[in-house]
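This report concerns the structure shown below. Please keep the sequence and the model in view while reading.

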Amino acid sequence: MPVTSAYSKLADAARQFAGHAAHAPGGSLDRKAALCCAVALAESSSVAAARKVLAGVERDDIRRRAEQILGELADQAHS
């Protein structure tokens, strides 16, 4: 699988997560974090590079949750 395809699938998974979070109570933090994660993955060539992109997220709560989501998606992709 080409690298771009792998990260494109992770970005799609993050967007899907954001879509589900939009319907959950209190899901706004998860939605914002998942969308940040999707953008970071779409603009990066690796999970490590996506983490660097997420480091630029100013709100601590969103950044921490986005990092969690990225970790969860990366773990799922490797299992």
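## Arginine 65 and its surroundings

In this predicted model, arginine 65 touches Phe17, Asp30, Ala33 and Glu72, leaving aside residues up to four places away in sequence. The residue belongs to helix α4. With a relative accessible area of 16%, arginine 65 is buried, because the limit for that class is under 20%.

One of these neighbours also forms a polar contact: the side chain of arginine 65 pairs with the side chain of aspartate 30 at 2.6 Å.

## Overall architecture

The protein comprises four helices and zero strands, and its elements follow the order α-α-α-α from the N terminus on. Of its 79 residues, 34% count as buried. The protein exposes about 4900 Å², of which carbon and sulfur atoms supply 54%.

Among contacts with a separation of 6 or more, 51% involve residues 24 or more positions apart.

## The largest nonpolar core

The largest nonpolar core contains 20 residues, and those touching the most other members are Cys37, Leu41, Leu54, Ile69, Leu70 and Leu73. At least two residues of this core come from each of α1 (3–21), α2 (28–42), α3 (47–54) and α4 (60–78).

Leucine 73 illustrates the packing. Residues up to four places away in sequence not counted, leucine 73 touches Leu10, Ala13, Ala14 and Cys37.

## The buried side of α3

Which residues of α3 are buried? They are Val47, Ala50 and Leu54. These residues cover an arc of only 55° around the axis, so they lie on the same side of α3.

A disulfide is a covalent bond between the sulfur atoms of two cysteines. The disulfide count for this model is zero.

Cysteine 36 is partly exposed, with a relative accessible area of 26%, whereas cysteine 37 counts as buried at 1% relative accessibility. Cysteine 37 is also among the residues of the largest nonpolar core that touch the most other members, and leucine 73 is one of the residues in contact with cysteine 37.

Key. Residues are numbered from 1 along each chain as its sequence is written. This is a predicted model: local features need pLDDT of at least 70, side-chain atom pairs count only at pLDDT 80 or more; totals for chains, interfaces and linings use all residues. Side-chain values use heavy atoms; hydrogens and water are left out. A nonpolar core is a set of buried Ala, Val, Leu, Ile, Met, Phe, Trp, Tyr and Cys residues joined through side-chain atoms within 4.5 Å. Buried means under 20% relative accessible area, exposed over 50%, partly exposed in between (1.4 Å probe, protein chains only). Contact means heavy atoms within 4.5 Å. A polar contact is a pair of N or O atoms within 3.5 Å; within protein, one must be able to donate a hydrogen and the other to accept it, and residues adjacent in sequence count only if both atoms are side-chain atoms. A disulfide is a pair of cysteine sulfur atoms within 2.5 Å. The arc is that of the directions from the helix axis to the C-beta atoms. Accessible areas come from the Shrake-Rupley method with a 1.4 Å probe; for residues, only the protein chains shown count as cover.
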